[in-house]
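Thanks for coming, everyone. I'll walk you through one structure today. Please have a look at it first.

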Amino acid sequence: MLPSLTSALANRPASAEANGGETQPAARHLPPYVRALWNVAPHFARLAPPAAQGESESIAADAARRQRPVLITHSAVVPTPMLYLPVHWQQPLLLRAAVAHACAHLAYGDVPQPRGKLKPIQLALVGTLEDARIEARAIAELPGLRALWLPWHQADAQSGNTFEALLQRVQRSLLDPLYSDPHPWVRKACTLYHAALPTPEGMRQAASLLGNDVGQMRMPFNAWLYVVEPAYRDDNTHLWGADPQAPPATAPLSAPSNPQEGQPQGDTNNSAPQPIEQQTESAAGRPTAVYGEWDRLISRMRPKWCQMYEEDAPNGTPQARQALSLALARHAALLARLKRVLQTGLPLYQAHVVAGRAAEGERFHLNALVHAATDQRLRRQPDPHIYLHPLRAPQPMHVLVLLDASVSTLRPAALPSSTESGGTLLEVLRESALLTAAALEHAGHWCAVQAFASNTRQLVRVQRIKGFADQADSACTLARLAGVQGEWSTRLGAALRHACFQLRGHPRPHVLLLTDGQPHDVDVHDSRYLPADLQHAVQEARRGGIAVSCLNVLGNDKASLDEHRAMQRAFGVHACRAVRALGDLPHQLLACLAR
């Protein structure tokens, strides 16, 4: 529970006021200040500083700088409106401006509205226009508030033409009657604002029109990094209510004007990589996870560098599913050999587990001690079985197969066997993942399969194909595996860190990578950067108790051999095995997993 700022100020001794600096006197006058303005009495509290464990001082300072006041107007738990202020704020004018703005929302705002079909970029626009509407009504009643808020608006034509800068220029244009911005989109935003009805619905319609213009201008926008400016304005979360019917944030802002014939609008199965300015729109939703990345030039980890987006793999076409089923039948002999090799060479590890209580032993059973103490206090005969009763039980491996689904896997597979030639490397990787999962299940181990591809560090996609509880030959697994398409690039370090995070807490964890070459991405121009990060990610995984190995499907060219040597430097010679044909899979897979 956050400490109450209102009660703390009311109970402060006089000596504390003398040594409290500027923050405490300014904060002490906030409740009577807003009551004198609009006769509202919100409950003030401290906004806890961001956690900075394991982070540098610069990162912690940046996180504190990005904090904004949080206003809660409707809550089933606390009926009184709450205003959380950053605890590190020390400027009295900033505190007064923030409190006046937030309480203007209490005085002139409406109930939270559903998000509906608004996209993140339109939500930011609605918040900006709604803030301007609320401040205009407050200034109409109390004109002196303009002098309180206006000094925080410093954006002008020199601030740049990014979306965030244009948004700040719109805010100043709507608040400062003496400022005229030369940008046409800023002028259009002011025109739409003044022409719209002064209601939340009117602001919403104007924001939708402006959002469509931003989409046509291809302005990059990342909702994960967006911060409301100026700093005195709250984060506007109170404007929106819970809306279970809201569309996913990965849907495009607007449909293409001339979609191709036969292709549905918003089709996510297009194999061509999107431009960066378009993919930021689709990646505006909150990432599943954010990981650091090793920079070899500075010999440091870049914190919160790669954004991971996890989703279920789409179902493939019936023809692709049938092809996988036929491949499974065609390789029946190979699968039988693979099962026999793994069952013989990869036995289940016998681990000690606790199976109840015993009258004798070396370690106490904690619950039994509690029950015995309770029985003694109730004057009952305690149970003498107060020791742990250990048993040896088989402990299977938990193997997560990472399938490389980058665009390089779409090249023809140069495998010597006639039954395997004519297809792509992606088809070989699919069949290898399917055979591996089926053999591991038959040997009594757990196996999950995921595919990954990347389109710069801001969009590393992981597609779930098979979970630990799914069967390898089930219709759902075959459909998802058939739906994996080769596109984008190969950021192996980020995918490996995400796989290791998912395996934390599982007994005998192992990450098995199925790929065709070394890491690569379009935003990295140093050929040694991503291999160095991969090597660092492998070392991190092994320090955390997670085994990591790689099966590299090779071609017949010299470049493929050079890439394999680079992968061996990252994983180790014995942990990175070459597969030149599916017949090599049993021996090489056992060599990887038995380490």
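Which residues of α13 are buried? They are L324, A327 and L328. These three cover an arc of only 100° around the axis, which puts them on the same side of α13. Now turn to the face of α13 that points away from that buried side. There you find the exposed residues P318, Q319, Q322, L326 and A329. What covers the buried residues? The cover includes α14 (332-345), α16 (425-442) and α17 (475-482).

A word on what you are looking at. This is a predicted model. Helix α13 itself runs over residues 318-330, which is 13 residues. At 1.5 Å a residue, α13 should span 18 Å. The C-alpha atoms at its ends are 18 Å apart, so the two values agree.

Let me step back to the whole protein. It has 21 helices and 13 strands. Of its 595 residues, 47% are buried. Now take contacts between residues at least 6 apart in sequence. Among those, 74% join residues at least 24 apart.

Is α16 mostly covered or mostly open? Mostly covered: 15 of its 18 residues are buried. Its length can be checked in the way we checked α13. At 1.5 Å a residue, 18 residues should span 26 Å, and the end C-alpha atoms of α16 are 26 Å apart, which agrees. After α16 comes G444, with a positive phi near 95°.

Follow α14 to its partner α21, residues 585-593. Their axes come within 9 Å and cross at roughly 25°. An angle under 35 degrees counts as roughly parallel, so α14 and α21 are roughly parallel to each other. The crossing is right-handed. Which residues meet there? On the α14 side, they are L334, R337, L338, V341, L342 and G345. On the α21 side, they are L585, P586, L589 and L590.

Next pair, for contrast in angle. Helix α6 covers residues 92-108, and its axis comes within 9 Å of the axis of α7. The two cross at roughly 85°. That makes α6 roughly perpendicular to α7. From α6, the residues H101, A104, H105 and Y108 take part. From α7, they meet E130, D131, R133, I134, E135, R137, A138 and E141.

Is R133 buried or exposed? Its relative accessibility is 3%, so R133 counts as buried. Leave aside the neighbours within four places in sequence. R133 is then in contact with Y108, D110, Y193, P198, T199, P200 and M203. Look at P200 in that list. R133 and P200 are 67 residues apart along the chain, yet their C-alpha atoms are separated by 8.8 Å.

Now a strand residue, D404. It belongs to β8, residues 398-404. The relative accessibility of D404 is 0%, so it counts as buried. What does D404 touch, not counting residues up to four places away in sequence? The answer is T409, L426, L429, F452, T490, L514, T515 and D516. Pick out T515. D404 and T515 are 111 residues apart along the chain, and their C-alpha atoms are separated by 4.9 Å.

Last topic: the backbone in the loops. Start with the loop between α11 (200-216) and α12 (276-282), where P230 is found. The peptide bond from E229 to P230 is cis, with omega near -5°. N236 lies in the loop between α11 and α12 as well. N236 has a positive phi of about 65°, although it is not a glycine. Its relative accessible area is 8%, so N236 is buried.

One more of these. R508 is placed in the loop between α18 (492-502) and β11 (509-515). Its phi is positive too, about 50°, and R508 is not a glycine. How accessible is R508? At 25% relative accessibility, R508 counts as partly exposed.

To recap in two points. α14 and α21 are roughly parallel, whereas α6 is roughly perpendicular to α7.

Note on methods: Residues numbered from 1 in each chain as written. Predicted model: local features only at pLDDT ≥ 70, side-chain atom pairs only at ≥ 80, totals over all residues. Heavy atoms only, no water. Helix = DSSP H or I, 4+ residues; strand = E, 2+ residues; numbered from the N terminus. Expected span 1.5 Å × (residues − 1). Buried < 20%, exposed > 50% of the residue type's maximum accessible area, 1.4 Å probe, protein only. Arc of directions from axis to C-beta. Contact = heavy atoms within 4.5 Å. Axes fitted to C-alpha atoms, helices over the stretch in contact; angles between N-to-C directions. Parallel < 35°, antiparallel > 145°, perpendicular 65-115°, else oblique. Left-handed = near helix turned anticlockwise from the far one by under 90°.
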